[in-house]
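My notes follow in the order I took them.

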Amino acid sequence: MKTAIIGVSGAVGQEFLRVLDERNFPIDELLLFGSSRSAGTVYKFRGKPITVKELKHNDDFKGVKIAFASAGAGTSREFAETVTQYGAVMIDNSSAFRMDNDVPLVVPEVNPEDANHRPKGIIANPNCSTIQMVVALKPLEDLSHIRRIHVATYQSASGAGAAAMDELVHQYKQIAKGESPTVNKFAYQLAYNLIPQIDVFTDNGYTKEEMKMHNETRKIMHSDVEVSAMCVRVPALRAHSEAIWIETERPISVEEAREAFQKASGIVVQDNPEAKEYPMPLFAATKDPVFVGRIRKDIANPNGLSFWCVADQIKKGAALNAVQIAELIIGA
């Protein structure tokens, strides 16, 4: 099967290479695309060197079955027709098409059937923070409809790409030497700091990232649930964490919730507070599952439940979810 990666030089693009190999995704020919700067770069995949081609409006996608796109919303919008014109399914990791009514927004553990309806030949990969949250919410929604969600995210540098991760590491080194830290990727120094802003602010005081969690969750879960998010950038290198409070139509006990989490696909329960066992980004990095712990009743709401979840933003929050979507398409 002929497969393509658009934006291969970025953090998610590199993760695509690893995940496709790890999951033994069936590929007869792999095409790699990037900007004019990336063109000519050589990457190895399954022992074979592949040269990156510049993404252009031409016939390069003829015969391609699956095209993974992770080069930004502008690129996805510009090249969507070029990518899909010969029948390729574009699985887009940007925000370009997520709220398009003719483009399904898919998390395989939650709404796999939506992947079958793709009139534009595009399937959107949700925002990283939304993906891990809805994976954790699905087994609870199956117990009782979720009316409201409050979530505070603790998002690592990886959410802003490879250069942001490098900047965080460099900042710590600079500070240790008594130097002023370099600040390019974020509004402020991230090392030894928290930044309560991810993306730009909208008119209602929420950031675009926070509104994505509201809008995308409702679309993925086909739900009228109300979602209020506070998204914070933290000086962790990789893997996002979320503190989540939900209100359901009927009370869900901790025991019910734990059992539902344990039976659910894509979730690992780490919930033994007495032994100090709970999910942490340090240990979730590079792992596939969404890790859930600190499961407890919300003492401020009789129909409330609270828990903590952690997942690797680059993996399950991006590349892995996209590859799982591709597996749905080909029936792997």
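Which residues is Tyr278 in contact with, leaving aside its neighbours within four places in sequence? I found Gln270 and Arg294. Contact here means heavy atoms within 4.5 Å.

Before going on, I noted the ground rules. This is a predicted model, in which local features need pLDDT of at least 70 and side-chain atom pairs count only at pLDDT 80 or more, while totals for chains, interfaces and linings use all residues. Residues are numbered from 1 along each chain as its sequence is written, and side-chain values use heavy atoms, with hydrogens and water left out.

**Tyr278, continued.** I placed Tyr278 in the loop between strand S12 (267-269) and helix H7 (281-284). Helices (H or I, at least four residues) and strands (E, at least two) are DSSP runs, numbered from the N terminus. Tyr278 has a relative accessible area of 31% and so is partly exposed. The cut-offs are under 20% for buried, over 50% for exposed and in between for partly exposed, with a 1.4 Å probe and protein chains only. I also checked Phe291, 13 residues from Tyr278 along the chain. Their C-alpha atoms are separated by 8.4 Å.

**Two strand residues.** I looked up Gly304 in strand S14 (residues 304-311). Its relative accessible area is 1%, so Gly304 is buried. Beyond four places in sequence, Gly304 is in contact with Ile246, Glu247, Lys297 and Asp298. From Gly304 to Cys231 I read 21 Å between C-alpha atoms, for 73 residues along the chain.

Ser241 sits in strand S11 (residues 240-248). Ser241 is at 3% relative accessibility and therefore counts as buried. Leaving aside neighbours within four places, its contacts include Gln132, Tyr154, Pro281 and Trp308.

**Cores.** I turned to the nonpolar cores next. Such a core is a set of buried Ala, Val, Leu, Ile, Met, Phe, Trp, Tyr and Cys residues joined through side-chain atoms within 4.5 Å. The largest has 56 residues. Phe61, Leu137, Ile149, Ile244, Phe261, Val292 and Phe307 have the most contacts inside it. Helix H3 (residues 128-141) gives the most to this core, with 7 residues. A second, separate core has 41 residues, among them Val8, Leu20, Ile27 and Val52.

**H3 with H6.** H3 packs on helix H6 (residues 254-263) at an angle of about 120°, with the axes 9 Å apart. Axes are lines fitted to C-alpha atoms, for helices over the stretch in contact, and angles run from 0 to 180 degrees between N-to-C directions. H3 and H6 are therefore oblique to each other. Under 35 degrees counts as roughly parallel, over 145 as roughly antiparallel, 65 to 115 as roughly perpendicular and the rest as oblique. I listed Ala136, Pro139 and Leu140 from H3, and Ala257, Ala260 and Phe261 from H6, as the contact. By class, that contact has 6 nonpolar, no polar and no charged residues. Ala, Val, Leu, Ile, Met, Phe, Trp, Tyr, Cys and Pro count as nonpolar, Asp, Glu, Lys and Arg as charged, and the others, Gly among them, as polar.

**H1 with H8.** Helix H1 (residues 11-22) and helix H8 (residues 315-330) pack at about 50°, with their axes 9 Å apart. That makes H1 oblique to H8. The contact of H1 with H8 divides into 9 nonpolar, no polar and 3 charged residues.
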